[in-house]
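Me: I am new to this structure and would like to learn how to read it. Could you walk me through it step by step?

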Amino acid sequence: MVATNVSKSYGAGEFTKQVVQNCSFTIESGKLTVMIGPSGCGKSTLIRLLAGFERASSGTITIGGKPVTGPGLDRMVVFQESALFPWMSTYDNIMFGPRARGEDTPEMRSFAELLLQKVGLDGFRRKYPSQLSGGMQRRAELARSMINKPDVMILDEPFRGLDAMTKRLMQEYYANLYEEFRRTTFFVTTDIDEAIYLADRILIMTNIPTQVRTVIDVDLPRPRHIEDITENDAANAIKMKALGLLHEEAMKSFAGGSKAAADFIDAYSRRMVKG
Amino acid sequence: MTETSPVQVLTTEVPRAIAVDSGAGASLALAKYRLSLWLKSPRPYLMLIGFAGFLGFWYLSVEVWKLPRFSQMPGPTEVLHEWFSKDPTYGLSIFIPEYYMHIWVSTRRIAIAFFLATVIGVPFGLFLGWSERFKQFVFPVFEFLRPVPPLAWVPLAIVMFRGSETPVIFLTFLASFYATALNTMLGVESIDVSYVRAANCLGATRWQVFRHVIVPGAMPFIFTGLQISVGVAWFSLVAGEMVSGQYGLGYVINTSYTMVRYPTIIIGMATLGLVGYVTSAAVRLVGDYLMQWRTRELALGGDR
């Protein structure tokens with residue numbers, strides 16, 4: 001999946017707000033590409049463009065050479081906020097895609113069973129989303145996307161808002177899923193440790209209007225373990241480099257009046273003094 | 001909660017039978033559990049105290065203190081005596097078949113009007129919320145007609161419809177329809193756009209989005225609307241029955257007034273209160289049954 005010189009602005013005339021500007025990147029097949037950037041830099045806008053919910057103001061987005069014109073089954077989006085249908089059980093949510101396409105086949109049903117086990121929701125198939133914990137909901141949503149075997153999985157900060165323990169558990173679940181199915185993935189996050197633990201490639205984004213600042217290849221062997229990452233020198237080197245770049249971008253964003261950036265800069269400077 | 005093994009799920013016949021069986025047993029147990037919980041809670045007793053206070057005030061102000069405003073009003077003892085009398089002074093009590101005739105006629109009118117209002121109002125509201133274009137055509141007219149009270153429609157209703165039955169049903173329908181349609185529309189508009197996006201992303205067609213996202217997503221609002229609808233239905237029914245009609249509780253109240261049968265007025269009013277309460281509760285029950293995804297959290301922990 002390739003984005004070439006993509007720009008997106010909202011409003012018109014003097015009220016124009018440029019969110020994405022001349023942004024180009026490639027989501028390589030079979031790899032897990034993580035996009036990380038300062039808060040409010042336009043990541044979610046990029047996701048909506050990739051998903052086809054909105055059209056780019058200029059530039060092109062192609063998947064397998066074909067331009068993206070709208071939402072499609074070749075790209076599955078897992079949203080920031082839970083978008084499980086509250087009126088369907090876990091199992092019905094997962095089977096929604098296949099059923100919508102008239103593919104309620106025994107193969108699909110057994111694939112659903114497999115996914116239910118993989119995400120640890122086997123005993124919760126008849127529960128409604130309101131009866132599941134936050135982490136379970138995220139896992140159910142992952143399964144609902146994966147059953148459609150999309151060419152590209154797009155995840156928009158999927159573990160945001162979970163508590164630290166759950167988040168770590170989710171990252172492990174997710175890494176296992178990825179390593180098993182090796183589906184091309186575009187993963188957006190603001191968490192640098194999460195990015196290094198999961199990614200094959202990290203795209204570091206600039207401040208708004210966003211474009212790719214740097215691409216970092218993460219060639220740590222798989223399967224990875226969260227404990228090892230913190231002690232691995234290569235991983236730490238990547239982390240320092242990424243944090244440095246993010247700090248620069250956050251400074252620009254802070255100069256532009258972003259409050260979110262101030263927190264990051266504060267945390268970064270404390271860390272540097274301590275380290 | 002019970003773990004379901006994959007084998008059990010793959011062999012469909014046996015677990016289904018079990019599920020049905022335990023389902024019925026569980027719902028009975030659940031009903032018993034809820035009843036005992038209700039009896040243990042202060043709610044029923046507070047309710048009784050509330051009613052006792054209300055009746056006590058009525059009794060004291062009419063029969064003991066004989067307050068000037070209440071001089072024409074029958075007291076509770078007189079009304080209750082009349083209501084449960086085998087030979088009522090003014091001709092209407094629970095032992096008189098005509099009493100049930102009135103209840104039946106009113107309820108039947110409500111049922112027809114409410115049914116029509118639901119069958120027309122829900123799809124109408126769904127389309128209002130679903131299609132921006134349809135809304136632009138229709139909604140201004142709808143909002144123009146909605147503030148016109150059903151009572152103002154009485155003359156036109158009598159002119160438009162022959163007989164005494166149809167005008168009353170029309171008036172009842174009108175109020176019901178507005179409440180249902182408006183709430184359904186708000187229900188559709190309240191649906192989070194991410195559900196629609198998710199369904200589009202998962203390959204659903206426009207119709208599938210409508211059927212599996214819009215309709216269930218609007219359901220909580222629809223049932224709020226139906227509860228309001230059944231309430232205002234009684235409201236405009238009585239108005240209609242007072243003007244035209246030969247039976248019904250509104251007719252009872254109105255004729256009792258002109259014929260100076262004051263206790264019968266109160267009997268009619270109290271009966272309206274009771275029957276109205278029952279219809280609202282029935283709508284709520286149906287709503288809870290259809291929206292188990294909202295009520296399941298309260299169930300006894302089982303995963304079926």
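Me: How much area is buried between chain A and chain B, and what share do carbon and sulfur atoms give?

Reply: Buried area is the accessible area (1.4 Å probe) that two parts lose on being put together, summed over both. Here chain A and chain B bury about 2800 Å² between them, with 65% given by carbon and sulfur atoms. A:Trp87, A:Phe96 and A:Arg126 supply 24% of the area that chain A buries against chain B, more than any other three residues. A word on the basis: this is a predicted model, in which local features need pLDDT of at least 70, side-chain atom pairs count only at pLDDT 80 or more, and totals for chains, interfaces and linings use all residues. Residues are numbered from 1 along each chain as its sequence is written, chains are lettered from A and ligands numbered from 1 in the order in which they are written, and side-chain values use heavy atoms, with hydrogens and water left out.

Me: How many residues does each chain bring to the contact?

Reply: Contact means heavy atoms within 4.5 Å. Chain A brings 36 residues and chain B brings 29 residues. As for polar contacts (a pair of N or O atoms within 3.5 Å; within protein, one must be able to donate a hydrogen and the other to accept it, and residues adjacent in sequence count only if both atoms are side-chain atoms), there are 2 such residue pairs between chain A and chain B, both at pLDDT 80 or more.

Me: Where is A:Ala83 placed, and is A:Ala83 buried or exposed?

Reply: Buried means under 20% relative accessible area, exposed over 50%, and partly exposed in between (1.4 Å probe, protein chains only). A:Ala83 sits in the loop between E6 and helix H2 (90-94) of chain A, and is buried at a relative accessible area of 0%. Leaving aside neighbours within four places in sequence, A:Ala83 is in contact with A:Glu141, A:Arg144, B:Ser194, B:Tyr195 and B:Ala198.

Me: Which residue forms a salt bridge with A:Glu28?

Reply: The partner is A:Arg201, with the closest N and O atoms 3.6 Å apart. A:Glu28 lies in the loop between strand E2 (17-26) and strand E3 (32-36) of chain A and A:Arg201 in strand E9 (residues 201-205) of chain A, so this pair ties together parts 173 residues apart in sequence. A:Glu28 is partly exposed at 29% relative accessibility, whereas A:Arg201 is buried at 9%. A network of salt bridges links A:Glu28, A:Lys31, A:Arg201 and A:Asp217.

Me: What about chain B: which residue meets B:Lys135 in a salt bridge?

Reply: That is B:Glu189, at 2.8 Å, N to O. B:Lys135 is in helix H6 (residues 132-145) of chain B and B:Glu189 in helix H8 (residues 165-190) of chain B, so the pair ties together parts 54 residues apart in sequence.

Notes
Helix = DSSP H or I, 4+ residues; strand = E, 2+ residues; numbered from the N terminus. Salt bridge = Lys/Arg side-chain N within 4 Å of Asp/Glu carboxyl O.
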